[in-house]
Amino acid sequence: FKHPLRCKWTMWFFKIEPNLPWEDCQKEVTSFNTVEDFWSLYNHIEPPSRLKPGRDYSLFKEGIKPMWEDERNCKGGRWLVTINKQQRSTELEILWLEILMLMIGENFEDHNEEICGAVVNIRNKGDKIGVWTANSKNKCGILKIGEICKSAMKLNSTQTITYQAHSAQQKKGSDVRSMYTI
Ligand code: M7G
């Protein structure tokens with residue numbers, strides 16, 4: 001008997017391929033809906049800190065693609081955690097695992113429906129973790145989710161996280177203004 005999760009989740013891997021559009025570089029790895037199957041996946045794949053720069057892992061609810069264009073993401077946004085270079089070897093994995101645990105454990109109080117998924121980007125300029133939510137107008141849900149993430153990650157008081165709407169990012173790339181900072 002395995003311990004069921006409330007949702008089924010899909011893990012994705014992103015690796016840029018020359019000549020392929022961005023969307024086609026997102027590959028589904030596998031889906032799971034039990035605690036045990038989550039751990040066998042987690043223990044089987046490279047930890048994010050060992051991925052090459054330019055690669056991502058994403059974990060999304062089954063049926064939601066890790067893309068702004070998905071109908072369940074397009075009106076939403078993300079909490080963005082920026083991770084400095086020293087943190088890659090020491091903290092990245094713990095922070096990513098904390099976010100995965102919050103998501104699959106449905107630990108967002110009344111706001112689990114707002115959660116779409118999360119992404120870890122491995123980048124030379126600094127790694128990032130994004131927690132994607134469904135509706136960038138749901139201020140109450142967004143702020144609660146942000147607080148829960150921040151507290152689970154035990155960030156020091158000077159490390160802020162910011163919320164950005166996907167629509168703003170689509171227009172302006174990475175330099176978008178944030179809607180909330182906590
Ligand atoms: P990134 O990988 O999120 O961050 O975005 P980075 O700048 O640190 O590498 C890099 C680029 O990938 C964006 O400017 C877009 O061209 C493309 N891209 C990223 N995302 C999340 C999407 C998406 O959801 N849809 C599409 N079409 N392109 C995206």
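How many helices and how many strands does the secondary structure of the protein chain come to? I looked this up first. I found five helices and eight strands. They are DSSP runs, numbered from the N terminus: helices are H or I with at least four residues, strands are E with at least two.

A note on the source. The model is predicted: local features need pLDDT of at least 70, side-chain atom pairs count only at pLDDT 80 or more, and totals for chains, interfaces and linings use all residues. Residues are numbered from 1 along each chain as its sequence is written, and side-chain values use heavy atoms, with hydrogens and water left out.

**Order and overall form**

Along the principal axes, I noted a C-alpha trace of about 45 × 40 × 35 Å.

**Contacts and surface**

I turned to contacts, meaning heavy atoms within 4.5 Å. Among contacts with a separation of 6 or more, 68% are between residues 24 or more positions apart.

For burial, I found that 48% of the 182 residues count as buried. Buried means under 20% relative accessible area, with a 1.4 Å probe and protein chains only. The accessible surface of the protein chain is about 9,700 Å². Carbon and sulfur atoms hold 50% of that surface. Such areas come from the Shrake-Rupley method with a 1.4 Å probe.

**Strand E3**

Then I looked at strand E3, residues 56-61. Six of its six residues are buried, so the strand is largely enclosed by the rest of the structure.

Which strands are joined to E3 by bridges? Strand E1 (residues 4-14) is joined to E3 by six bridges, and the two run antiparallel. Strand E5 (residues 115-121) is joined to E3 by five bridges, also antiparallel. Two strands pair if DSSP finds at least two bridges between them.

Asp56 in E3 stands opposite Phe14. Phe60 has Gly117 in E5 as its bridge partner.

**Ser58**

My last entry is Ser58, in strand E3. Is Ser58 buried or exposed? It counts as buried, because its relative accessibility is 1%. Leaving out residues up to four places away in sequence, I listed what Ser58 touches: Thr10, Met11, Trp12, Pro66, Ala118 and Val119.

Definitions and conventions:
Buried < 20%, exposed > 50% of the residue type's maximum accessible area, 1.4 Å probe, protein only.
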